[in-house]
Amino acid sequence: MHLVPRLALAGLVSWQAIAMAWAHVERFAVTATTLDWPFALGAPSDERIARVLGADMEILSFLRARLPGTCVLHQRVGGSLEELRQRYPDDRDFVAAFEGLSARNGLFLQLTALAYPQAFVIGLPEPITVAEDNAKAGHERWLLVLPGDPLPQGRPGWVAVHSSARFSVWRCPTGS
């Protein structure tokens with residue numbers, strides 16, 4: 001390779017590196033003034049998690065404290081954009097529904113990661129029937145129900161363990 005193309009290529013790559021570094025410095029300068037540094041560096045993990053989860057920390061605390069070593073099933077967020085568009089033809093309603101489902105999915109991802117290894121949180125399209133099948137096979141299963149999810153209420157063997165405005169937890173004991 002000739003000297004001039006090498007210098008041009010080195011100059012281009014150097015310019016990109018400088019521009020990227022400058023963007024990081026600017027972003028850090030904005031963050032450094034707004035970030036609560038003592039909290040970010042010194043707060044216990046549970047306090048930092050509680051700040052991120054907000055009111056949903058109640059769910060995580062329940063899973064960790066009351067259901068150690070259990071498998072907790074929940075209704076997986078499902079569907080397609082086409083189905084959502086048919087259900088909500090107005091753009092504002094569509095965006096609101098999509099954001100709600102996205103937030104719900106994000107919450108389940110956070111609970112799955114943060115509850116492990118105390119509880120194993122698994123999303124399924126039909127968690128109630130899977131739990132009942134598992135119970136018949138001798139494996140006790142728990143069900144996390146958020147508002148809007150189907151309830152196992154009235155089905156044989158199910159026991160409500162916890163109920164609040166944000167969530168409820170049901171147990172399907174073995175032999176049901």
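Mentor: What follows is a walk through the core, then its rings, and then a few places beyond it.

This is a predicted model, in which local features need pLDDT of at least 70 and side-chain atom pairs count only at pLDDT 80 or more, while totals for chains, interfaces and linings use all residues. Residues are numbered from 1 along each chain as its sequence is written, and side-chain values use heavy atoms, with hydrogens and water left out.

The largest nonpolar core has 20 residues, and those with the most contacts inside it are Ile-59, Leu-63, Leu-111 and Leu-144. Such a core is a set of buried Ala, Val, Leu, Ile, Met, Phe, Trp, Tyr and Cys residues joined through side-chain atoms within 4.5 Å, where buried means under 20% relative accessible area, exposed means over 50%, and partly exposed lies in between (1.4 Å probe, protein chains only). At least two residues of this core are supplied by each of α3 (45-53), α4 (57-66), α6, β2 and β3 (141-145); these helices (H or I, at least four residues) and strands (E, at least two) are DSSP runs, numbered from the N terminus. The largest share, five residues, comes from α4. Leaving aside its neighbours within four places in sequence, Ile-59 is in contact (heavy atoms within 4.5 Å) with Leu-107, Leu-111, Leu-144, Leu-146 and Phe-167. Apart from this core lies another, of 11 residues, among them Ile-128, Ala-135, Val-145 and Cys-172. In soluble globular proteins, nonpolar side chains tend to be buried together.

Turning to the rings, the count comes to three aromatic pairs, the rule being that rings of Phe, Tyr and Trp (its six-membered ring) pair if their centres lie within 6.5 Å, with planes under 30 degrees apart counted as stacked, over 60 as edge-to-face and the rest as tilted. One of them joins Phe-62 and Phe-167, whose ring centres are 5.7 Å apart and whose planes stand at 65°, so the pair is edge-to-face. This pair links distant parts of the chain, since Phe-62 is in helix α4 and Phe-167 in the loop between β4 (159-163) and β5 (168-172), 105 residues apart. Phe-62 counts as buried because its relative accessibility is 8%, and Phe-167 is also buried, with a relative accessible area of 2%.

Another pair is Phe-94 with Phe-98, where the centres are 6.5 Å apart and the planes at 20°, so the rings are stacked. Both residues lie in helix α6, four residues apart, which is about one turn of the helix. Phe-94 is buried, with a relative accessible area of 13%, whereas Phe-98 is partly exposed, with 41%.

Where does Asp-56 lie? Its place is in the loop between α3 and α4, and Asp-56 is buried, with a relative accessible area of 16%. Not counting residues up to four places away in sequence, Asp-56 touches Leu-107 and Arg-166; Leu-107 is also among the contacts of Ile-59.

Two further places complete the view. A cis peptide bond, with omega about 5°, joins Tyr-116 and Pro-117, and Pro-117 is found in the loop between α6 (91-115) and β2 (119-124). Leu-35, in the loop between α1 (3-34) and α2 (37-42), counts as partly exposed because its relative accessibility is 36%.
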